[in-house]
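Q: I would like to learn how to read charged pairs, sheets and cores in a model such as this one. Could we go through them one at a time?

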Amino acid sequence: MAYESVNPFDNKRDKSFETITDKQLEAKMVIASSCYETWKHTSYAHRRAIVAKAAALLHDEAENFAQIETREMGKRISEARGEVEFSSQILAYYAENAERFLKNLELHPTLGEAHMESSPIGVIFGVEPWNFPFYQLARVAGPHLMAGNVLVVKHAGCVPQCAIAFEKLWLDAGAPAGLYTNLLISHDQSNQVIDDPRVKGVALTGSVAAGRSIAARAGQNLKPSSMELGGSDAFIVLEDADLEHTIKWAVWGRMYNAGQTCCAAKRFIVVESIADKFLQKFQAALSALKAGDPMDENTTLGPLSTESALVQLLAQVDSAVSHGAKIIMGGKRIDRPGAFMQPTIMTDVKPENPAFRDEFFGPVAMFFRVKDEDAAIALANDSDFGLGGSVFTKDTVRGRRVASRVETGMMFINNISWSDAELPFGGIKDSGYGRELGDMGIQQFVNKKLVRTLVAEAPV
Ligand code: NAP
């Protein structure tokens, strides 16, 4: 079954859903493209009313949305509530600011007058992951619907109830049929959607493998795409870091969402003189986490999203060890029902170990000691990924200097507050291309049209 809700807290199946037939898919595409023909002509005020209403409903019903998510992919309830609130803020942000972001841009040619106009382009196809089941959807819905496009979205196989709840949100907010369509489709059908001439752009958030496949398909069709892919972010600790402050961010940065965050801290790169102290405190803090029911607010360690995600992560850790890595804590599943993994720290991961270049999507930290700042930057840059990263130092001027030298899409100094509605989010290298959120996020799928007025005779 391609779409299945299984609670990873106890691995009990709740519901499963059939993928739709090709005929049903075509019917949905007809409704979406006909909706676009009207929606593209609507005023910003009209769009704003619907998107702001969706934001308000998400806020009002946050508990309900959060519980669906916690049951379906195991996110701790307090984190799920935070994610739903943030998703509501993203929708409200675009409702408020889209018109300003897309207003005509006056140009100053030598002759005549000219401006750039931003117009919608059509049906946009979103393919989204399970790790932030609502935030990921809000990140595409807010900007692209406000820009006058319409959306068809394939969500991940393990969160169909989140996908269905988000589609219903739009209808409850008064959206016309076809403005936001959830598609329970297979990968083959996803290719059909990308090939469909009514679809004019593709936005993926997911793994590198999915990115290669979906970007190639979009490329064959000469369609614009944005790729938000994986990461293996460096968490650089310099010798002058405030250790207490740094450890709190280290734990949060690696363990938030049970470690299943694209831009989580995954490689801890610590300058030699502070490395032992850091490691001892980091290990103590991770050991204090208590596995339990993610619905219980006292739980500090939730399960992974699915049993198969756990099995895959354990295999990755075993492979890293067989290639020479050492485990200094954890490394195994927790002996209890559900998809729980011990917080894990690995050392001695050498460049020839495949793990050195891997993304560990769960509570597994790789720890490296380095001689100094230059060595830390060199190691941070020795990665196929380039999504986020952070540096901890009491000297913020030094922090900014290090940030400039790390080859990545986002750098955080003395924090890893990854995402805000108004700040662009995205990466380079295997972490993908394009940006979501902020002003940049709404510019991805609009036609930037030049309009020039020149009172002149045609050249002969
Ligand atoms: P995934 O396996 O790539 O799945 C993501 C989405 O892509 C799902 O909807 C999945 O559908 C779909 N998909 C995968 N292969 C496909 C194909 N060949 N054709 C059509 N659809 C396809 O990734 P995941 O394991 O769910 O998510 C974790 C990954 O996402 C990590 O690498 C993480 O770093 C990355 N991520 C990146 C960001 C960012 O903003 N950069 C944010 C969050 C997560 P099915 O479930 O049906 O296979």
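Q: Which side chain does R398 meet in a salt bridge?

A: Side chains of opposite charge can pair when their charged atoms come close. A salt bridge here is a side-chain nitrogen of Lys or Arg within 4 Å of a carboxyl oxygen of Asp or Glu, and R398 meets D240 in this way, at 3.3 Å from N to O. Because R398 lies in helix 13 (residues 396–405) and D240 in the loop between strand 10 and helix 9 (243–255), the pair ties together parts that are 158 residues apart in sequence; helices (H or I, at least four residues) and strands (E, at least two) are DSSP runs, numbered from the N terminus. This is a predicted model, in which local features need pLDDT of at least 70 and side-chain atom pairs count only at pLDDT 80 or more, while totals for chains, interfaces and linings use all residues. Residues are numbered from 1 along each chain as its sequence is written, and side-chain values use heavy atoms, with hydrogens and water left out.

Q: Is R398 buried or exposed?

A: Buried means under 20% relative accessible area, exposed over 50%, and partly exposed in between, with a 1.4 Å probe and protein chains only. R398 is buried at 11%, whereas D240 is partly exposed at 23%.

Q: Which strands form the open sheet, and in what order?

A: Strands of a sheet pair through backbone hydrogen bonds, either parallel or antiparallel. Two strands count as paired if DSSP finds at least two bridges between them. In this model seven strands form an open sheet with mixed pairing, in the order 12-13-14-11-10-16-17, and its edge strands, strand 12 (326–329) and strand 17 (412–413), each pair on one side only. Strand 13 (residues 344–347) and strand 14 (residues 364–370) run parallel and are joined by three bridges; M346 has M366 as its bridge partner in strand 14.

Q: Which residues touch the most other members of the largest nonpolar core?

A: A nonpolar core is a set of buried Ala, Val, Leu, Ile, Met, Phe, Trp, Tyr and Cys residues joined through side-chain atoms within 4.5 Å. The largest one has 118 residues, of which L91, F125, W170, F278 and F282 touch the most other members. Helix 4 (residues 77–101) gives the most to this core, with 11 residues. Domain 1 (3–229 + 431–451) and domain 2 (233–413) both contribute residues, so the core lies between them; the domain bounds come from an automatic or database domain assignment.
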